[in-house]
Amino acid sequence: MIEFRDVSKTYTGSSRPVVKDLSFEVLDGEICVLVGPSGCGKTTSMRMVNRLIEPSSGEILIDGEPNTAMSATQLRRRIGYAIQQIGLFPHRTIADNIATVPGLVGWEKARITARVDELLELVGLDPEQYRGRYPAELSGGQQQRVGVARAMAADPPIMLMDEPFGAVDPITRHRLQDEFLRIQQEIKKTIVFVTHDIDEAIKMGDKIAILKEGGILAQYDTPENILAAPTSEFVSSFVGSDRVLKRLSLMRVSEMDLEPANGSDTLPRIDERTNLKDALSEMIGAGAERGLVVSDRSGVRGTISIQQIKNLSHRTEAGRHGV
Amino acid sequence: MSSLALQDLGPKTLDWTWISNNFGDEILPALQGHIFLSLTSVAIALVISLPMGILVSRYRKAYPPVTFITGLLFSIPSLAAFMLLVALPGVGLGPVPVIIALVAYSLLVLIRNVVAGIDSVPEETKDAARGMGLTNRQILFRVELPLALPVIVAGVRIATVTIIGIATIGAYINGGGLGELIFTGISRNFPTRVIVGAVLATLMAVLADVLLLWLERRLRPWARVRRA
């Protein structure tokens, strides 16, 4: 668990803090996304976890211990670190890049070699083909995969990721996000993830910390709760006017109470794994009020209606206004 | 001076018999002397420049004064520098003042390239290194210097070629080297000596250039490979 306790940071020579009285917890195995406009101190906050930046006041606890209990370099070797610009060592092969931290903490050679291959496979790069290459020989997306693999190398329980999928095209970014979420299901790391993109935050986060300028925590909650009930004008404008739709995109058709299907063959067919936003889009697109929910295994599951989705959204809107 | 030597350019200009008769006891020692002067000077200059460059890249404020002073040294006419050094107590004639001057000439380009090499290391590479828990020393030796090395070697290349040229003048103050052949050739009006000295110095410079260029490329294996 990572715990921010009244953490503030004011750079020397500046009167305004970049982070102010920040307090929140990141639970074990969760991805906590720090999101906000530029100048909100999200990267500064993340970099204080592994002491690349030292707070002016307050403290950060890791599993109950202040992160100043050990030397900064010792601490950093136990925390995975991946950044947008990747920062691979251009003069080292992919294998050597990934082996950086295991080498620093003194793993045996055979163990490192095996680990490098394991990680390359995990991030979808053929070890045979890639381990001996130099970073310049890889595409941007491949380099970001290596960057993430390198951060995971010594199996740190905590990882810091600063826009780790930021330097690639949107299609590759979505693929990398999906892959990483799949990996995270297995590895269950405690992750502090920084992005300026609210959609990425909603997709990646178990929790989202929305920061506003001056490093003030505007809201800290699950994506669902933030979209359903933004606590301030700032948050609701930051998450966007389409937050109702965004929230729908977090829910799947299979989670809804479906109505029985009888004689509804003409309805558009919707896979049960589809999210509600896409289901809505399909129904509107087909000019239908209802859709037929199907699954791979059991065929037709039932029907879903636009009205149902409307009710769902309306209910949470009402909840937001304290009714 | 050179016009003196080249006055009677003719069939007798290059005396091959003299070359073969004096190869062992005059030409070869001069060449060896020249190699000694150049190598020693570059080596000493490097020993000074490397730590200086690293220091300057850390304490940026020192950079302008350092380039000013080394630039000033670089701009002193070589003959004047040699004569001044000879006049210094404890120096006198011989190879020592030559080496001192050659070292002084190399400092500017070497220090500048050490700093440029370290500066060329991408900020994000250093940030990633620090973030993964490399110590400052490890960052310097495992990341910054290896990445700076090709640029440093490029500086050594320029310094070496310059030094090989200037070192010929060192013979004027009994420094030895190929300049010995050139100066005696001029004073005795014997062009063969001048030509042999000049040609060997040029060959040496070209050879050093090619060799160091090759080294520079070798030190950057990661840049040779390109995405298909």
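How far apart are the mean positions of the 18 positive and 12 negative charges of chain B? They lie 9 Å apart. Here Lys and Arg count as positive, Asp and Glu as negative, and His and the chain ends are not counted. Each charge is placed at NZ of Lys, CZ of Arg, CG of Asp or CD of Glu. For chain A, the mean positions of 39 positive and 45 negative charges are 3 Å apart.

The model is predicted: local features need pLDDT of at least 70, side-chain atom pairs count only at pLDDT 80 or more, and totals for chains, interfaces and linings use all residues. Residues are numbered from 1 along each chain as its sequence is written, chains are lettered from A and ligands numbered from 1 in the order in which they are written, and side-chain values use heavy atoms, with hydrogens and water left out.

Chain B holds ten helices and zero strands. Helices (H or I, at least four residues) and strands (E, at least two) are DSSP runs, numbered from the N terminus. The C-alpha trace of chain B spans about 70 × 50 × 25 Å along its principal axes. Of its 228 residues, 46% are buried. Buried means under 20% relative accessible area, with a 1.4 Å probe and protein chains only. In chain B, 76% of the contacts with a separation of 6 or more join residues 24 or more positions apart. A contact means heavy atoms within 4.5 Å. The accessible surface of chain B is about 11800 Å², and carbon and sulfur atoms supply 69% of that area. Areas come from the Shrake-Rupley method with a 1.4 Å probe; for residues, only the protein chains shown count as cover.

Chain A contains 14 helices and 13 strands. Its C-alpha trace spans about 65 × 55 × 30 Å along the principal axes. Buried residues account for 53% of the 323 in chain A. Residues 24 or more positions apart make 62% of the chain A contacts with a separation of 6 or more. The accessible surface of chain A is about 14600 Å², with 47% belonging to carbon and sulfur atoms.

Chain A is assigned domain 1 (2-246) and domain 2 (252-314). These bounds come from an automatic or database domain assignment. The C-alpha centres of the two domains of chain A lie 36 Å apart. An unreviewed UniProt entry places the feature "domain: ABC transporter" at residues 2-238 of chain A. UniProt positions follow the numbering used here, feature names are shortened, and annotations may be inferred rather than shown by experiment. Over residues 2-238, chain A is 39% helix and 24% strand. The end C-alpha atoms of that stretch are 25 Å apart.

Terms used
Buried < 20%, exposed > 50% of the residue type's maximum accessible area, 1.4 Å probe, protein only.
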